[in-house]
Amino acid sequence: MPDDDTRTTNALTTLHRHPAPPAQRGPSAPRPAPSAEPAQSGRLGPVLVAGIVLAALNLRPAITSLGALFEEARTGLGMTGTVAGLITSVPALCFAVFGITAPRLSRRFGPAAVVCAGMAAVAAGLLIRPFAQGAAGFLAASALSLAGIALTNVLLPVIVKRWFPDRVGTMTGLYSMALAIGTSLAAAATVPLTSALGGNWRTGLLVWALPAAAAVLPWLPIAAAARRDRSRADAGASAPQTGPSVVRSRTAWALAGYFGLQATGAYVTMGWLPQIFRDAGVSAGSAGVLLAVTMVMGVPLAFVIPGLAGRMRNQGAIAAVLGAFGLAGYAGLHLAPAAGAWAWALLLGLSNCAFPLAITMIGLRARTPGGVVRLSAFAQCAGYLLSLPGPLLIGALYQHSGGWDLPLAVMAGLLLPQIALGVLAGRDRTVEAECAVRD
């Protein structure tokens, strides 16, 4: 039997081909805008898949490559402590600020064209950044890359929903896995690459402009084809599809909260987990390996979880299980941080797989492409804003209390609303249906 996404797509196609007469359309039933884009998945299928994978691979190296060389970059640019702290908080801020512009740009130019421009911005920022002579120029180039990442973050779920409506879980799993690989690869390979290329931190950062530039290439024909089909579709459309006002949807708010809390947990893990292990007596080298284990856990599970979630009508159980893994991991760090270090790293790695689940639910909780782009922008932008204070709060609690008991208790406590919001966001409903009821 066809799954929910196939039935939804067939229903939308029927409405498009046989629209109801004007008298039968109510105010809460917007007409789907004509779109030829799903048809492209046949003739551009391999290029689309390559474009999605390459884009996802380049969504985090701008951040994790700098993290690996941050001390060298800070010294080389003469950054003050305040500026250095600002740079570490810029990614989430840029994701929120620039991501909110994605729906408007998508309606104006189409999601494929915006993703193409976004990847070009990532490549340009990574190319310019190593040549900056001061902190201001370095920050501006970083912001350019992060703006491109923010747009692509929001629009990749839209691309998947629009071109692969019957394979949302599989395609989300594919790009989530690629994102996890890119994150881990940049974190692990930047320092060895820098040493192999002469030891200059600028060269080590410059290397990552090459894969970003390669990611632009498949999006050029995709954007061109989408523009041609969009022009033909717009010629017969009376108005563009803008999607529902998701701020009136309880599911949208639950998903935004879930996204923000899982992002908080991920940033705290990446920023503070090695220090937790080192304070427990684990060597610096082993602490780094344990963090790598936590991050690598996301590679296979980033593919498995979206596929599983896409086959389920309700994803709340997955959110609850992932949250339970996190609770167990934090409890272990509190009780025996060194003795069970490998187990706690694995458990926290499992818990951090809430990210691909959240991305998958964005595609499942909206019925139309316009709904997906609005829900994706809202959930990610609001979520990243919510995550901003997390790492700073944990650092302040650690400094104030002189240990990790209080910070770990706070992180475990935050998992409880994360689980609750994940259960609410995982219910089998769409933001379009909720907004129609409120209208």
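**Exercise 1: An aromatic pair**

At 1% relative accessibility, F259 counts as buried, the term for a relative accessible area under 20% with a 1.4 Å probe and protein chains only. The model is predicted: local features need pLDDT of at least 70, side-chain atom pairs count only at pLDDT 80 or more, and totals for chains, interfaces and linings use all residues. Residues are numbered from 1 along each chain as its sequence is written, and side-chain values use heavy atoms, with hydrogens and water left out.

Task: Classify the pair that F259 and Y384 form, and locate both residues.

Solution. 
1. The ring centres of F259 and Y384 lie 5.1 Å apart, with 80° between the planes; rings of Phe, Tyr and Trp (its six-membered ring) pair if their centres lie within 6.5 Å.
2. The pair is edge-to-face, the class for planes over 60 degrees apart.
3. F259 belongs to helix α14 (residues 250-279) and Y384 to helix α20 (residues 369-387), so the pair links parts of the chain 125 residues apart; helices are DSSP runs (H or I, at least four residues), numbered from the N terminus.

Task: Determine how α14 is oriented relative to helix α21 (residues 389-401).

Solution. 
1. The two axes, lines fitted to C-alpha atoms over the stretch in contact, come within 8 Å and cross at roughly 30°.
2. α14 is therefore roughly parallel to α21, as angles under 35 degrees between N-to-C directions are classed.

Key
Phe/Tyr/Trp six-rings, centres within 6.5 Å; stacked < 30°, edge-to-face > 60°. Helix = DSSP H or I, 4+ residues; strand = E, 2+ residues; numbered from the N terminus. Buried < 20%, exposed > 50% of the residue type's maximum accessible area, 1.4 Å probe, protein only. Axes fitted to C-alpha atoms, helices over the stretch in contact; angles between N-to-C directions. Parallel < 35°, antiparallel > 145°, perpendicular 65-115°, else oblique.
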